[in-house]
Each structure stands twice: as C-alpha cells, then as structure tokens.
Amino acid sequence: MADMQNVTLLCKKSYENYVTDRFGADIEKTEVDDEHFEVTVEVDLDPLFIGWLSGLVGGIRALGPAKVVDRLREIAADLDGVYGRDQTGREHLIK
C-alpha cells in the first residue's frame, strides 16, 4: 500500500539533474541561496525513495514533514544498529 507524502527537499544546485530525472523538469523550484534550492514533491515513502535519497546524502536532504524526517531517522538508526562501528554485520543475524 502506497504511503504518499508531500516532502520538501533541500537540494544543492549541483544535484538538480537528480531531482529533474526523478520528478520531471516541470517541478517548481524555490531558490534558497546561491548554492541551494527547495522543492516539494509527492513521493511514496517506500524503499525505492529511501534508497534514492540515501544515495544522495550530502546533496539532497528532506526537510519535512516531521513524519518523514522521523521515519528517515528511524531507518538511519536501524542501519547504524547493523553497520555501526562496533558491529560486524553478523550480530543482527544471531539475535
């Protein structure tokens, strides 16, 4: 079942092609400063979107809504639990 959300993204201008490739060239962008713009897009908060966003860390960041940012934090914590510095990746399989 789709979990459609309107998500505001803060993007580096050098990442604009990633945004237009995913959401189309006709999305409305708001300039933030010389290096960034914001867009609000409707997305399915599914593993494909999470993977896309995770692959662009450092260039695109979700600003809101809080429900989406909280979900991203949960996923990051889950990943840290499996791949954190003190983990080998096997601990989660043993439990």
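Modeller: What you see is a predicted model. The pairing of β1 with β4 is antiparallel and is made over four bridges. β1 also has β3 as a partner, again in the antiparallel sense, with nine bridges between them.

Next, look at the two faces of β1, residues 4-12. In a regular strand, side chains alternate between the two faces of the sheet. Here the covered face of β1 carries Gln-5, Val-7, Leu-9 and Cys-11. The uncovered face carries Met-4, Asn-6, Thr-8, Leu-10 and Lys-12.

Now place β1 in the whole sheet. The sheet is open and has four strands, in the order β2-β3-β1-β4, with antiparallel pairing. The edge strands are β2 and β4; each has a single partner strand, so one side of each has no neighbour in the sheet. From one strand to the next, the twist averages 35°. At the β2 end of the order, β2 pairs with β3 in the antiparallel sense over three bridges. Within this pairing, Glu-31 has Phe-37 in β3 as its bridge partner.

What packs on this sheet? Helix α1 does, touching β1, β2, β3 and β4, and its direction makes about 25° with that of β3.

Which residues of α1 are buried? The helix spans residues 16-23, and Val-19, Thr-20 and Phe-23 are buried in it. Around the axis these three cover an arc of only 90°, so they lie on the same side of α1. An α-helix has 3.6 residues a turn, so residues three or four places apart point the same way. The buried residues of α1 pack against β1, against the other strands β2 (29-31), β3 (36-44) and β4 (60-64), and against helix α2 (47-55).

The other side of α1 is a different matter: Asn-17 and Asp-21 are exposed there. After α1 comes Gly-24, which has a positive phi, near 100°.

To put the part you asked about back together: β1 is paired with β3 over nine bridges and with β4 over four. β1 has one covered face and one uncovered face, and β1 is among the elements that the buried residues of α1 pack against.

Key: Residues numbered from 1 in each chain as written. Predicted model: local features only at pLDDT ≥ 70, side-chain atom pairs only at ≥ 80, totals over all residues. Heavy atoms only, no water. Buried < 20%, exposed > 50% of the residue type's maximum accessible area, 1.4 Å probe, protein only. Arc of directions from axis to C-beta. Contact = heavy atoms within 4.5 Å. Pairing = 2+ DSSP bridges. Axes fitted to C-alpha atoms, helices over the stretch in contact; angles between N-to-C directions.
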